[in-house]
Amino acid sequence: MLRHLLFRGLRALLTVALVVTFAFVVLRLSADPALIILGPEASPEMIAAFRKSWGLDEPIWVQYVDYFRAILRGELGRSMRDGRPAIELVAERIPATLALTLPALALKLGVGVPAGIWASLHRGTVIDRAVMAMAVAGFTVPSFVLGLVLVLIFSVRLGWLPSGGQDTWVHAVLPIVTMGVGGAAALARFTRSAMLEVLGQPYIRTASAKGVPWARVIRDHALPNAAIPTVTIVGFMVGTLIAGAVVVESVFSWPGVGRLLVVAVANRDLAVVQCILLLVAATMVCSNLLVDFLYGFLDPRLRQGARAGAH
Amino acid sequence: MADVSLAPPRRALLARLRPPRLPIAVALALAWVVAMVLIAIFADRIAPHGYTTLDLKNRLAGPGNPVHWLGTDELGRDVLSRLVASIRVSLAIAFGATVISAVVGTTLGFLAAHFRGAVEQAVLMLADFQASMPFLIMALSVLAFFGNSLPLLIGLMGLYGWERYARIARGLAVSAGAQGYAAAVRQLGATPARVYGRHILPNIASTLIVSATLVFPEVILMESGLSFLGLGVQPPMTSLGNMVGWGREYLTRAPWILLAPSITIVLTTLAVSILGDGLRDRLDPTLR
């Protein structure tokens, strides 16, 4: 168990290093940072001085090491638009994004998982087909289309909910529902197939053959085992909490990280983009580690000291 | 007596020649996809107007107009003609990207299966990395660094989903390599490229094609999302996501600008998904 986690931790660090390298390579390939930061009007002397002060005249591997060091110290550059540190700009947007993504995650889990379990227990019936039809619909409708259709119905025609902005909690309803529907659909599909996989296993037949009530078979034997693959996809959803609302925030003019990213990309504000990229990579890696940790709890084969054949 | 004994084989032969019966959903999906492909190919002849032609007298005309069947946008451009042009661009990008990603992924998968060891570990790590990062964020970063152009966009979308082909191709090639036919051609002195390209690839192609039909709708959704954000296909070119993005400004006054491409996106992704599921059931029961 400990070795497993240690191995996973090393791998996570390697992933972060890979993202940092990716950012470094792309940054150096795309253009001369001196020109980007100083602008095209800068004089050759200014550029030379800048290159010297930022170490751009050093060999590339020295620059690479320096780049790594700077990132480890949390120096992620300044926004080209107002000169503020990129990390500050990003950090102040995070609460607004979490205000959408956390309730949306709750909605996905609260609707998707039960719907998937319900469908799997009624395999082949009308319930199963209805849930799966809704899941496919939720999966094929892109979030911007769903968001705009919801605005068209609930804001324009009915006038019940505001179409954009961030003044009260009512403003968050449509964005949260928009994000929740797609995720719930994906989760329902996934949970259903995970459950069906488990329900076909011999130990389920054994349990019900030896007289365990069906409800207990589901609760004690099927659900914990089906949870193992489902946790993976939920982990991915947790990893996208910080920047998973790019499209929805744009639809509803919500001032979160996603909106910041889109504006930064359009303006080629590289420091901000890089900061968000690294932040997303870090959250993704952390949530993957969390998933691995949870695996340890859920899968008795990985738990230290578990007796063989516990299930 | 002779014709009695002949009857069953003839019936069996006829049954084999008859096209397999399709479920209604799959047949409808197939019809829709074929229609979309034909529209994309013959876009220039189908479109009643040029997709950038202005008709300033008929701005924001509603659908059902005798000249502009699906109405016009804020500059009086014909929505139907723009829709047809958008279908062509969106499908071309999705198709190009799917081909790139299938080729890249399969090649990397074969390399991993052939060399094993460090190469295999590197490919698997890259695949893990790709699968664990949200694609939209990576795509946006690359667009921010390099600016936007159509070849870059297609290349970028071509990175979508490669890790799935790589994993499948690696797994299947490893098991195929252990089978007699691969060993036999290798013993006969075939080069690795010949073994993989001429012998293993045809044997695992059906699984890869099924994966491609499952990835294709996701590519359409991803491209339309990027274009919706204004960071994908750039004007004067138009794509389905682009139309929705611009139509959003006129959501209250002219919802048809946005609804026509939205419905097209949804129906197309739905149709390709249904087709993919149908193909999977028919060609490759192991993927279920």
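**Stop one: the core**

Start by selecting A:V90, A:L261, A:V272, A:C275 and A:I276, the residues with the most contacts inside the largest nonpolar core, which has 147 residues. Such a core is a set of buried Ala, Val, Leu, Ile, Met, Phe, Trp, Tyr and Cys residues joined through C-beta atoms within 7 Å; buried residues have 20 or more other C-beta atoms within 10 Å of their own, with C-beta atoms placed from the backbone. Next, show helix 4 (residues 79–115) of chain B, which gives the most to this core, with 16 residues. Helices here are DSSP runs of H or I, at least four residues, numbered from the N terminus, and strands are E runs of at least two.

This is a predicted model, where local features need pLDDT of at least 70 and side-chain atom pairs pLDDT 80 or more, while totals for chains, interfaces and linings use all residues. Residues are numbered from 1 along each chain as its sequence is written, and chains are lettered from A and ligands numbered from 1 in the order written.

Now centre on A:I276: beyond its neighbours within four places in sequence, its contacts (C-beta atoms, placed from the backbone, within 7 Å) are A:V90, A:A243, A:V257 and A:L261.

**Stop two: chain B**

Colour chain B by secondary structure to find twelve helices and zero strands. Of its 288 residues, 42% count as buried.

**Stop three: where the chains meet**

Select the 33 residues of chain B in contact with 34 of chain A. Helix 6 of chain B brings the largest share of chain B's side, nine residues.

Key. Buried ≥ 20, exposed ≤ 12 C-beta atoms within 10 Å, placed from the backbone. Contact = placed C-beta atoms within 7 Å.
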